[in-house]
Amino acid sequence: MHEGSITIRLSADVAEIERLNRIVRQFGELHELPGRTLYAVNLALDEMVTNVILYGFAETKGEETKGEEIVVRIEVHPPELRCEIVDGGREFDPMQVPSPDIQAPLRERELGGLGIHLMRALMDEVTYRREHPKNVLTMSKRIR
Amino acid sequence: MQTQEESLGDVTVLTITGHLDTSSATPFESVLMEVIDRGERKVMVDCGPLEYVNSAGLKVFLLAAKKLETLDGQLVLCALSPSVLMVFEMIGFTRIMNIAASRDEGLRMFREQRAEA
């Protein structure tokens, strides 16, 4: 495993998610991250960046907007990995979103909130701060 | 993401390969719903070659499981890789879905249900 970092600039376009995922996987392989850690980071970033792209810039929920920038930074400092997502979208603190009831029986399970719940479960520490006019989400995970 | 369909007796098996993510969730949902809409009630998804799934893909499995339950059918997922299984556990799907280690075990899940009926 090697120390290192990468900064990825994305436009607010759903087509960018595939590019992000590809870059994250390449970065993880290059730095010889364990498979489980890489999978977790890949998924957490995918979920949170997708949320920003789909909901962060649109007036109407679900409507996609182009031209806005999202900056993702990943740092590997063994034994820890840190990620940061900075976007200029509307204020949104994912830590305020209630978790879905994962004990509910199948017929009562709701479809929403799965992505944010996964991110929180995959990461060891998550902090959100508003640095007007930007959202800054920091996630960290012990590498293992 | 690619899918391949086959029939094993009265069980329809869909094998899903690659990455099930935001862009591939919609085509996968179409394939799975088409199988249910044409009347198949015993549906197994072989996740052996599935390398990655995100919440958009998980929603498709949840939708299909809910739909089959209301139709007295059954969805069985088999051969999940350790990473994919970890995600299913985190989201609580291992307690509400039929998850088998292998195809053979998955097929037995359908037979057991018939025996109970």
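User: Welcome me to this structure: how many of the seven residues of strand β1 (residues 2-8) of chain B are buried?

Analyst: This is a predicted model, in which local features need pLDDT of at least 70, side-chain atom pairs count only at pLDDT 80 or more, and totals for chains, interfaces and linings use all residues. Residues are numbered from 1 along each chain as its sequence is written, and chains are lettered from A and ligands numbered from 1 in the order in which they are written. A residue is buried if 20 or more other C-beta atoms, placed from the backbone, lie within 10 Å of its own, exposed if 12 or fewer, and partly exposed in between. Strand β1(B) lies largely in the open, because the number of its seven residues that are buried is zero.

User: Which residue in β2(B) is the bridge partner of Glu5(B)?

Analyst: Strands (E, at least two residues) and helices (H or I, at least four) are DSSP runs, numbered from the N terminus, and two strands pair if DSSP finds at least two bridges between them. β1(B) and strand β2 (residues 11-20) of chain B run antiparallel, joined by seven bridges. Across that pairing, the partner of Glu5(B) is Leu14(B).

User: How far apart are the end C-alpha atoms of α2(B)?

Analyst: The expected span of a helix is 1.5 Å times one less than its number of residues. The 16 residues of α2(B) should therefore span 22 Å. The model agrees, as its end C-alpha atoms are apart by 23 Å.

User: Which helix gives the most to the side of chain B that touches chain A?

Analyst: Residues are in contact if their C-beta atoms, placed from the backbone, lie within 7 Å. The contact takes 22 residues from chain A and 17 from chain B. On the chain B side, α1 (22-37), α2 (55-70) and α3 (82-90) each give two or more residues. With seven residues, the one that gives the most is α2(B).

User: In chain A, at what angle do helices α2 (residues 35-56) and α3 (residues 114-122) cross?

Analyst: Axes are lines fitted to C-alpha atoms, for helices over the stretch in contact, and angles run from 0 to 180 degrees between N-to-C directions. The axes of α2(A) and α3(A) come within 9 Å, and their crossing angle is roughly 145°.

User: Which strands are at the edges of the chain A sheet?

Analyst: This open sheet has five strands in the order β1-β2-β3-β5-β4, with antiparallel pairing. An edge strand pairs on one side only, and here those are β1 (4-11) and β4 (125-131) of chain A.

Definitions and conventions:
Contact = placed C-beta atoms within 7 Å.
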